[in-house]
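Hi,

Here is the structure I promised to pass on. Have a look at it first, and then read my notes below.

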Amino acid sequence: MKAPRIPENEAARLRALESYRVMDTPPESSFDDLTTLVARILDVPIALVSLVDADRQWFKSRYGLDAPETPRDISFCGHVVAEQELLVVPDAFADNRFHDNPLVTGDPRVRFYAGVPLRTPDGHVLGTLCAIDHEARQVSADQLDTLSILGRQVADQLELRRQLLLTRDYEQRLRTLFETAVDAIITIDEAGVIEDVNAVVQRLLGYDPSELVGQQVGILMPPRHRDRLEQYLRHYPHDPDAKMIAATQEAVAVRKDGTEFPVEMSVSEMRLG
């Protein structure tokens, strides 16, 4: 048996894999659907999304296999990671690299293997999408092309998943800053409709957040100032000069009980997505 070699970029590759925060996570239909397609299109009993870390290959999705992982040093997928290219083994018993491999001589009785690399946008191979059969066989060029296409879909799903996690992290950091700020913060849309307020607003103005969300922000200003504010909001998206209001200015606010008081106000723009 020939163990897969360790690629030269292994340290960077492992850091990339860690950044996806996917190892040992529950099954997800977006990956399970793709392994099901592989099994049906290539007519094989086993199809896997295999991710290779320092000492094991772990299966994010497994069709037709109970084992959640196997050691890296006996893995077929480790060879794909090392060579960073498609690997096809028509008959493992006839291949010197695998003929005495425990995965061949014992369960899951791998005889045929085809695996394509799962490549990140910056070129790191995290693992494979692979098809396995208990019998020696050949596959057509069209089937291998389909496997490669589906492998790119798996890689895209991994990247989408990573980006969603980063977005959630960013939103959580914003929420923490929002809730722990010492100043009152009010977020509005382009029409001036209040979308959210932090806890300071409630203490300062006397409104419960549910009373403000969905209301025009002008409700927090005396009636005599509301027309000016509405005019400003209408011009803001198209008037660069209007955005100069981001500097702190003196203004007048009004509490829920109708009392007015002076405030320092600044407006800044944030676009998400």
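Let me start with a term: a salt bridge here is a side-chain nitrogen of Lys or Arg within 4 Å of a carboxyl oxygen of Asp or Glu. With that in mind, E28 and R161 are joined by such a salt bridge through their side chains, at 2.7 Å from N to O. E28 sits in the loop between α1 and α2 (29-42) and R161 in helix α5 (residues 141-180), so this pair ties together parts that are 133 residues apart in sequence. Helices (H or I, at least four residues) and strands (E, at least two) are DSSP runs, numbered from the N terminus.

Before I go on, some housekeeping. This is a predicted model, in which local features need pLDDT of at least 70 and side-chain atom pairs count only at pLDDT 80 or more, while totals for chains, interfaces and linings use all residues. Residues are numbered from 1 along each chain as its sequence is written, and side-chain values use heavy atoms, with hydrogens and water left out.

Now the overall layout. The domain assignment gives domain 1 (9-172) and domain 2 (181-267); such bounds come from an automatic or database domain assignment. The C-alpha centres of domain 1 and domain 2 are 53 Å apart.

Back to the charges. By the rule above, the count comes to 17 salt bridges. One of them is between R72 and E10, whose side chains meet at 2.5 Å, N to O. R72 is in the loop between β3 and α3, and E10 is in helix α1, so the pair ties together parts that are 62 residues apart in sequence. Helix α1 covers residues 10-19. The side chains of E10 and R72 also show up as a polar contact of 2.5 Å. (A polar contact is a pair of N or O atoms within 3.5 Å; within protein, one must be able to donate a hydrogen and the other to accept it, and residues adjacent in sequence count only if both atoms are side-chain atoms.)

Are these two residues buried or exposed? R72 counts as buried at 4% relative accessibility, and E10 is buried too, with a relative accessible area of 10%. Buried means under 20% relative accessible area, exposed over 50%, and partly exposed in between (1.4 Å probe, protein chains only).

R97 forms a salt bridge with D95, and their closest N and O atoms are 2.8 Å apart. R97 is partly exposed, with a relative accessible area of 28%, while D95 is buried at 13%. There is also a network: salt bridges that share partners join D24, D53, R56 and E69.

Next, the rings. How many aromatic pairs does the structure hold? It holds two. Rings of Phe, Tyr and Trp (its six-membered ring) pair if their centres lie within 6.5 Å; planes under 30 degrees apart count as stacked, over 60 as edge-to-face and the rest as tilted. F76 and F98 form a stacked pair, 4.1 Å centre to centre with 10° between the planes. F76 is in the loop between β3 (69-71) and α3 (77-83), and F98 is in the loop between β4 (87-89) and α4 (102-105), 22 residues apart. F76 and Y113 form a tilted pair, 5.1 Å centre to centre with 40° between the planes. Here the partner Y113 is in strand β5 (residues 112-119), 37 residues from F76. F76 and F98 are both buried, and so is Y113. Together, F76, F98 and Y113 form one aromatic cluster.

Two arginines sit over rings, too. The charged end of R137 is over the ring of F112, 5.4 Å from its centre, and R162 lies over the face of Y20, 5.3 Å from the ring centre. The rule is that NZ of Lys or CZ of Arg is within 6 Å of the ring centre and within 35 degrees of the ring normal.

Last, the hairpins. Two strands pair if DSSP finds at least two bridges between them. Strands β7 (residues 186-188) and β8 (residues 194-197) run antiparallel, joined by three bridges, and I188 has I194 as its bridge partner in β8. Five residues lie between β7 and β8, and G192 in the turn has a positive phi of about 85°. Strands β9 (residues 249-254) and β10 (residues 260-265) pair in the antiparallel sense over six bridges, with V252 opposite P262 in β10. The hairpin of β9 and β10 has five residues between its strands, and G258 takes a positive phi near 95°.

Cheers
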